[in-house]
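Open the model in your viewer and keep the sequence panel beside it. The tour below goes from one selection to the next and says what is there.

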Amino acid sequence: MTILNIAVAGSTGRMGRVLLEMIAESSDMRLSAALDQKDNPFLMKDAGELIGSPCGIPIKSDFVSALPGSDVLIDFTRPAGTLAHLAICRNAGIKMVIGTTGFSAAEKEVLKAASEDIAIVFAPNMSVGVNVMFKLLEVAASKLLNDYDIEIVEAHHRHKVDAPSGTALRMGEVIAQTLNRDLTKVAVYGREGVTGERAAETIGFATIRGGDIVGDHTAIFAGIGERIEITHKASSRKTFAVGALRAARFLATQRNGLFDMQDVLGLR
Ligand SMILES: NC(=O)C1=CN([C@@H]2O[C@H](COP(=O)(O)OP(=O)(O)OC[C@H]3O[C@@H](n4cnc5c(N)ncnc54)[C@H](OP(=O)(O)O)[C@@H]3O)[C@@H](O)[C@H]2O)C=CC1
Ligand SMILES: O=C(O)C1=N[C@H](C(=O)O)C[C@H](O)C1
């Protein structure tokens, strides 16, 4: 069996720690590098200590010297961090799984350009359920057409720094594309005061932040006399980590190109 060497950026973060656990449990993968920021309090500590099982891999911040020998870097950090790591991976020919959200349109173009040289899976949500939900949204939007008002509601833990979530935005993109609308023109991000009546083709977004909510997403199609709600609720970050490891295995077969979880899961 070929063993995949996996490096983890943001290894001390919420997703980073779950990834360390899942890699340790995978017989076809080994942790080749655990990385984080320069001022991180866990630097040079054994990464395995974070998950209660020392593994001899110290947490480092120098990506350039730590990455050679890795097949794939899995990155769940922040856009600025991911873009810095991307430049190093592109140079070193190391593939990437990117779960970070909150990129601007211009930053997404940088990811696309890098994928000319390396293979990248970039997805705002790595769970199977959410990716199947994207397909359900296509079906719902294509059947309900313009007779139903569409609102997207998402809820996450108190530590989340970007809003709406990357998943909510992708839900909006999927629905807008199915209905031939331009999300940049029809999106309404929150409402306050005397807003006037709802404009017919808008897609509204509402954000809830609190406690330890892992990630809830609902698309509401509200018509006259009825509504459909399509909801996904994540109850563990393991669902995202399992998807990220699946994406890393998928990348073993790709030389370059930009992919998402629809490609990894064969849902296109
Ligand atoms: N695609 C998916 O399926 C999912 C995506 N996400 C996304 O992943 C990202 C991380 O989420 P989460 O793990 O909860 O966040 P955390 O804040 O728990 O972890 C982020 C990690 O990245 C590090 N980091 C922060 N900024 C930088 C930077 N500029 N350069 C390098 N490293 C940095 C942090 O280090 P330090 O602590 O030192 O700041 C920390 O170790 C978010 O964008 C989130 O939306 C989350 C879950 C699922
Ligand atoms: O920050 C999180 O936690 C999550 N972020 C992703 C997003 O922004 O869509 C995915 C998931 O919902 C958890």
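Two residues are in contact here if their C-beta atoms, placed from the backbone, lie within 7 Å. This is a predicted model, in which local features need pLDDT of at least 70, side-chain atom pairs count only at pLDDT 80 or more, and totals for chains, interfaces and linings use all residues. Residues are numbered from 1 along each chain as its sequence is written, while chains are lettered from A and ligands numbered from 1 in the order in which they are written.

**The whole protein**

Show the protein as a cartoon. There are nine helices and twelve strands to find; helices (H or I, at least four residues) and strands (E, at least two) are DSSP runs, numbered from the N terminus. The protein has a radius of gyration of 20 Å, close to the 18 Å of the globule rule for 268 residues, so it is as compact as a globular protein of that length. That radius is taken over C-alpha atoms, and the rule is 2.2 Å times the number of residues to the power 0.38. The C-alpha trace spans about 60 × 40 × 30 Å along the principal axes.

How many of the 268 residues count as buried? The share is 38%, where buried stands for 20 or more other C-beta atoms within 10 Å of the residue's own, exposed for 12 or fewer, and partly exposed for values in between, with C-beta atoms placed from the backbone. Of the contacts between residues at least 6 apart in sequence, 69% join residues at least 24 apart.

**The two domains**

Colour 4–122 and 237–264 as domain 1, then 128–234 as domain 2. These bounds come from an automatic or database domain assignment. The centres of the two domains, taken over C-alpha atoms, are 29 Å apart. Seven residues of domain 1 are in contact with seven residues of domain 2. On the domain 1 side, helix 8 (238–251) and helix 9 (261–264) are the elements that give two or more residues. That side divides into one nonpolar, five polar and one charged residues. In this classing, Ala, Val, Leu, Ile, Met, Phe, Trp, Tyr, Cys and Pro count as nonpolar, Asp, Glu, Lys and Arg as charged, and the others, Gly among them, as polar.

**Ligand 2 and the annotated positions**

Move to ligand 2. Around this ligand are T101, P124, N125, H156, K160, S165, G166, T167 and G215. The shell holds one nonpolar, seven polar and one charged residues.

An unreviewed UniProt entry places the feature "binding site" at H157, G166 and T167. UniProt positions are given in the numbering used here, feature names are shortened, and annotations may be inferred rather than shown by experiment.

Is T167 buried or exposed? T167 is buried, because it has 25 C-beta neighbours inside 10 Å. T167 is found in helix 6, and beyond four places in sequence it is in contact with P124, N125, V130, E154 and H217.

H157 sits in the loop between strand 7 (149–156) and helix 6 (166–178). With 13 C-beta neighbours inside 10 Å, H157 counts as partly exposed. Neighbours within four places in sequence aside, H157 is in contact with G211, D212, I213 and V214.

**Backbone stops**

In the loop between strand 7 and helix 6, select P164. The peptide bond from A163 to P164 is cis, with omega near -15°.

Go to M44, in the loop between strand 2 (29–35) and strand 3 (59–60). Its phi is near 70°, a positive value in a residue other than glycine. M44 is exposed, with 9 other C-beta atoms within 10 Å.

End at N180, in the loop between helix 6 and helix 7 (183–186). N180 is not a glycine, yet has a positive phi of about 55°. N180 counts as exposed, with 8 C-beta neighbours inside 10 Å.

Terms used:
Near = placed C-beta within 6 Å.
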